Amino acid sequence: MPFLELALTVRAEDEARAENALSDIGALSVTLLDADASTPNERAVLEPGVGEQPLWPQITLLALFPGDTVPELVLHALDAFDSGLDLAGAQFREVADQDWERAWMDQYEPLAFGKRTWIVPWNMDAPAESEGGAIVRLDPGLAFGSGTHPTTALCLAWLDSLDLAGKTVLDFGCGSGILALAALKLGAERAVGVDNDPQALSATADNAERNGVGDRLAVYAPEDEPPATYPVVVANILAVALDALADTLAARVQPGGVIALSGILHGQEPALLERYAAWFDDLQAVQEGDWMRITGRRRAG
């Protein structure tokens, strides 16, 4: 059965009311995307926490309705529900009912990060140049994270640069588990994935099993994570969450250990550098496009 898809771009401050309106008029699903990304592959999925300010100044909402829905009636219902929404740029298209996961695989290509790391979809052979490297076979499953977005690419390149042999790595906000899996393939002895989304935890565990490292990766909701410190911590989440969780993340890094923080727009990094300077030395910010990664080393005491 085909569906009717509505694409509606709104300001970040109007995102919540637009999402509520779409849900209330019968949208089957609503997906939030970065409206200003320069390429489709950079249109990361946005999952802000309760009360959090969305990361981007403009958000595109993709809403699915039954295929026999009349577009004009959707716009009329939205206007009746919330007359303050700007509907001038609303766009509709018919989308076929299909296996979305397989469609993603058909469009995805193997990607290299750093000197050793490769992300390869399940339905493709690893390229010849990846021989001897750290190959992660990825299936997005129920959570997103394929390595195509700069925030993930920055973290993968950082992990690729480390000597992880025998170490345990914490992936805080693990999503699909791509960073934890890459760490294990790069030589880490164990990895721990933490996420507040049960679907992300399921996807991470499933991807770990498919990569043959399920016995070396544990996943937890934040409230269930056992108290521990780690030599390597990576957190690819929203900048506002990195600020709110600074004490928590700092406490997870053992003295002399290293941390990487990503999900940061250019311009947001000065405040975070100042925030994390309370615990970390050698703080550095690296930019890729509009995105930043901060790394540092936990000082003793």
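Q: Why is Tyr 276 called buried?
A: Its relative accessibility is 0%, and buried means under 20% relative accessible area, with exposed being over 50% and partly exposed in between (1.4 Å probe, protein chains only). So Tyr 276 counts as buried. A quick word on the source: this is a predicted model, where local features need pLDDT of at least 70 and side-chain atom pairs count only at pLDDT 80 or more, while totals for chains, interfaces and linings use all residues. Residues are numbered from 1 along each chain as its sequence is written, and side-chain values use heavy atoms, with hydrogens and water left out.

Q: What makes Tyr 276 and Trp 279 an edge-to-face pair?
A: The structure holds 2 aromatic pairs. In this one, the rings sit 6.0 Å apart centre to centre, with 65° between the planes. Rings of Phe, Tyr and Trp (its six-membered ring) pair if their centres lie within 6.5 Å; planes under 30 degrees apart count as stacked, over 60 as edge-to-face and the rest as tilted. That makes Tyr 276 and Trp 279 edge-to-face, and both are buried.

Q: Why is the pair of Tyr 276 and Phe 280 called tilted?
A: Here you get 6.1 Å centre to centre and 40° between the planes, so the angle falls into the "rest" of the ring-pair rule. Tyr 276, Trp 279 and Phe 280 form one aromatic cluster.

Q: Is Phe 280 buried or exposed, and how do you know that?
A: Phe 280 comes out at 2% relative accessibility, so it counts as buried.

Q: What lies over the face of Phe 280?
A: That's Arg 298, at 6.0 Å from the ring centre. The rule asks for NZ of Lys or CZ of Arg within 6 Å of the ring centre and within 35 degrees of the ring normal.

Q: What makes Pro 110 partly exposed?
A: Its relative accessibility is 21%, so Pro 110 counts as partly exposed. You'll find Pro 110 in the loop between α3 (100–107) and β5 (111–113); helices (H or I, at least four residues) and strands (E, at least two) are DSSP runs, numbered from the N terminus.

Q: Why is strand β12 described as largely enclosed?
A: Because 10 of the 13 residues of β12 (residues 253–265) are buried, the rest of the structure largely encloses this strand.

Q: How do you know that β12 pairs with β14?
A: The two are joined by 7 bridges and run antiparallel, and strands pair if DSSP finds at least two bridges between them. Ser 262, for instance, stands opposite Arg 293 in β14.
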